[in-house]
Amino acid sequence: GHGARWRRGRLTAATPTMRLSRAQVRELDRRAIEEFGVPGVVLMENAGRGAAELLVRLGARGPVVIACGKGNNGGDGLVIARHLDNRGVGVQVLLLADPAELSGDAATNFRIVQRSGLAVRVWPGAGELAAALAGADWVVDALFGTGLRGPVPAPWAEAIAAINAAGRPVLAVDIPSGL
């Protein structure tokens, strides 16, 4: 989800200690979009900006390696990259998807990142991924969010294993991929 909750018919920021189920997070996003008319790209922007601000508060100096999937979780990661870059924090964006498969808000944010001049490595090889992770100050897991069903397929399963083995601090967007 995009870090929001409902209270008395209003959309408010979620607290860091709030625990929501996968279904509750998906319902919040649905209500924000369908009932309140908040465009999904606005939710994505707010989520990404908030995550970037959190990383800065946690002391991230860079490089922050942002592993993005093809869905909305990856779109959140692209927003995070843009906001960190704007703050002068070094980022390395790894897109573990074919850019042609991006759609909706994720595709919109991919185009924005491209136009901003921020470099995106598409489908980095295992060695390149391991090297990037080894040199990371932080890693952002923006591969899969609450929409994942079933086991994680290759090559994403290998990327998740590499992130877990890197021994670097990880910020997971929504939930850790594959959880």
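1. A word on exposure, to begin with: buried means under 20% relative accessible area, exposed means over 50%, and partly exposed is in between, using a 1.4 Å probe and protein chains only. By that scale Asp174 is partly exposed, with a relative accessible area of 32%. Asp174 lies in the segment after β7 (170-172), where helices (H or I, at least four residues) and strands (E, at least two) are DSSP runs numbered from the N terminus. Its backbone deserves a look too: phi of Asp174 is near 70°, a positive value in a residue other than glycine.

2. Please keep in mind that this is a predicted model, in which local features need pLDDT of at least 70 and side-chain atom pairs count only at pLDDT 80 or more, while totals for chains, interfaces and linings use all residues. Residues are numbered from 1 along each chain as its sequence is written, and side-chain values use heavy atoms, with hydrogens and water left out.

3. Two further backbone details are worth checking on your screen. Most residues other than glycine have a negative phi, and most peptide bonds are trans. Trp123, however, has a positive phi of about 45°. A cis peptide bond, with omega about 0°, joins Gly62 and Pro63, and Pro63 is found in the loop between α2 and β3 (64-68).

4. Which rings does Trp123 join in a cluster? Ring pairs link Trp123 with Phe144 and Trp156. Rings of Phe, Tyr and Trp (its six-membered ring) pair if their centres lie within 6.5 Å; planes under 30 degrees apart count as stacked, over 60 as edge-to-face and the rest as tilted. The structure holds two aromatic pairs. Trp123 and Trp156 form a tilted one, at 5.5 Å centre to centre with 50° between the planes. Trp123 lies in the loop between β5 and α5 and Trp156 in helix α6 (residues 156-165), so this pair ties together parts that are 33 residues apart in sequence.

5. Trp156 is buried, with a relative accessible area of 15%. The rings of Phe144 and Trp156 have their centres 5.9 Å apart and their planes at 80°, so that pair is edge-to-face. Phe144 sits in the loop between β6 (138-142) and α6, so its pairing with Trp156 in helix α6 ties together parts that are twelve residues apart in sequence. Phe144 is buried as well, whereas Trp123 is partly exposed at 35%.

6. On to charges. Side chains of opposite charge can pair when their charged atoms come close. A salt bridge here is a side-chain nitrogen of Lys or Arg within 4 Å of a carboxyl oxygen of Asp or Glu, and a search of the whole structure finds eight. One of them joins Arg82 to Glu45, with the closest N and O atoms 2.6 Å apart. Arg82 lies in helix α3 (residues 72-86) and Glu45 in helix α2 (residues 40-57), so the pair ties together parts that are 37 residues apart in sequence. Arg82 is buried at 13%, while Glu45 is partly exposed at 21%.

7. How far apart are the closest N and O atoms of Arg30 and Glu34? They are 2.9 Å apart, in a salt bridge. These two residues are four residues apart in helix α1 (residues 22-34), separated by about one helical turn. Arg30 is partly exposed at 30% and Glu34 is exposed at 57%. Both belong to a network of salt bridges that also links Glu27, Arg31 and Glu35.
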